[in-house]
Number of protein chains: 2
Amino acid sequence: MGEFDLIRRYFTRPDHTAHGVAVGIGDDCAALVPTPGHHWLISSDMLVEGRHFLPTVDPAALGHKALAVNLSDLAACGATPRGFTLALALPRVDEAWLAGFSQGLFALADAHACPLVGGDTTQGPLNICITVFGEAPAGQMLRRNGAKPGDEIWVSGRLGDARLALEAFRGRVSSAGLDVLRPAMERPTPRVALGQALRGIATSSIDISDGLAGDLGHILAASGVGACLDLPALPRSPQLAAQPRAAQIECLLAGGDDYELVFTASPGHALPDVGLPLYRIGVIEPEPGLRVRDEAGQLLPTSWRSFDHFKS
Amino acid sequence: MGEFDLIRRYFTRPDHTAHGVAVGIGDDCAALVPTPGHHWLISSDMLVEGRHFLPTVDPAALGHKALAVNLSDLAACGATPRGFTLALALPRVDEAWLAGFSQGLFALADAHACPLVGGDTTQGPLNICITVFGEAPAGQMLRRNGAKPGDEIWVSGRLGDARLALEAFRGRVSSAGLDVLRPAMERPTPRVALGQALRGIATSSIDISDGLAGDLGHILAASGVGACLDLPALPRSPQLAAQPRAAQIECLLAGGDDYELVFTASPGHALPDVGLPLYRIGVIEPEPGLRVRDEAGQLLPTSWRSFDHFKS
């Protein structure tokens, strides 16, 4: 199968000229129609085999995750998704893989009315690069730099399950009863509705891709503030709560791939209900740095760093 | 060096919040300010080592070319560049390579006032994915589907030099005197000003990345027409004109990487002067298919197909 047949069979759909898409797949460029008074928000992520996923991963889960991590960046900024491009390097044309990958990809794209509008395919070591586009009213994009001392720190959903599932998969913890956590690792849910609902409410926001400590650290650095987290307040699954304390702390603070949102808001500000639990996990302080208080009110001695693709 | 240091050192610049960039590198998304009444044009290309370039290529030339092939897609659509994202997988942190690559990349970006607004870096087999954004007034994007019988077919610059330089590099033709052609292969010039000047004039347009026959073939298919080309009218360098006739035909019709524009316009329509020679190379006909007439007015017997990343 040639490049053009491959695109036609797996990546061109009847709806590719969706609402707001003036020109979809098949020209040198796609053309989208911006909404007046909005800014155009853009994020790009590259996923590499052996680094971000294993060769054995279910291709449908991979298609889902490749788009989910990008939608999660839009969510963190409060954007409404408008479309995405997919660039794909494949070692060979594997039709079963392509069918699964495109099914997982389009199921999530459809759920967010985010059409595939263009891209590229080529031969090479497996590499998936998605660039996603969204919109937010001018001046209402959620950013990292607005946290102020006294702001409360909130997080959505649960932390650490993706990391715990990975550790079980690696055999470093017992996998008994942990199969239920695999979707957290393989099919994360981007918090798109929450992000949009936080426009005008959150003073800062980021999605948790590299771990709470590291990603909150980006907010602290950009805002020129510090924070104190309340360890027992960090939301965790029963499966994670059943792990040894050190493992819990590691998964909660340094577990990557959560794709929850961590954000700050003025104390007492009413938060939106998008059917997702939100947890107050700490407070912004003037003093730089990240502190974590344990169940007894004592500061934890450890410092955490985020996952770094060139260091770990 | 970690991922964030790498981005700071080589890919963050004082001007990254340029005109029209509300938020540049350093948040989960970049934010650009669309021009009212314009559509947002997008193209994405992925370059893989061993497929699109050799490991020995000058990194500055590679940085130039990675952006040039994307700007060429904007040019083909008549778009004004607005910005781009870069996703980069690197086997290791090679500072000399990064310095050269970013220098070549930014020199071309600056020449087109097209700032780097975001992206991703990770470890993996060398892979460069650029997604570029531009604008055109609503309804004025140049497309592939508007060619009509009787339209004249035009091409900019020269054809086949990049292919001839590649063949010389491969040792398949003598490299004597061909060093002068290397820039055509390594540092192609995207025809951005020409594309914009053709808005409202060209009835169809495409850039020549896979060879004239193949790319013009996309116009013919999308427009539901055919064409006859005039072989002696195809513009060629003295170096190509000195090659055997079969090699000339191959380079002119099936040479990839030219990045010239081929476009159609109503007969006799005045064309813009952007300081670039334009050549009338044939005519659109109602009968499907591509025909080529030689110096004696005879149809060439051969058919050509474009370069296909999964076939050749």
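Chain B and chain A bury about 5100 Å² between them, and 61% of this area lies on carbon and sulfur atoms; buried area is the accessible area (1.4 Å probe) that two parts lose on being put together, summed over both. The model is predicted, so that local features need pLDDT of at least 70 and side-chain atom pairs count only at pLDDT 80 or more, whereas totals for chains, interfaces and linings use all residues. Side-chain values use heavy atoms, with hydrogens and water left out, residues are numbered from 1 along each chain as its sequence is written, and chains are lettered from A in the order in which they are written.

The contact (heavy atoms within 4.5 Å) draws 61 residues from chain B and 61 residues from chain A. Five salt bridges are found across the interface of the two chains, a salt bridge being a side-chain nitrogen of Lys or Arg within 4 Å of a carboxyl oxygen of Asp or Glu. The side chains of B:Arg144 and A:Asp28 form a salt bridge, with an N to O distance of 2.5 Å. On the side of chain B that touches chain A, strand β3 (residues 38-48) of chain B contributes the most, with ten residues; strands (E, at least two residues) and helices (H or I, at least four) are DSSP runs, numbered from the N terminus.

Strand β3 of chain B also pairs with strand β2 (residues 30-32) of chain A, in the antiparallel sense and over three bridges. Pairing of two strands requires that DSSP find at least two bridges between them. Within this arrangement, A:Ala31 has B:Leu41 as its bridge partner.

For chain A, UniProt lists A:Asp45 and A:Asp73 under "binding site" in an unreviewed entry. These residues are spread over 29 residues of sequence but cluster in space, the largest C-alpha distance being 9.3 Å. A:Asp45 is located in strand β3 (residues 38-48) of chain A. UniProt also places "domain: PurM-like C-terminal" (unreviewed entry) at residues 148-292 of chain A. UniProt positions follow the numbering used here, feature names are shortened, and annotations may be inferred rather than shown by experiment. Over residues 148-292, chain A is 32% helix and 21% strand, and the end C-alpha atoms are 18 Å apart.
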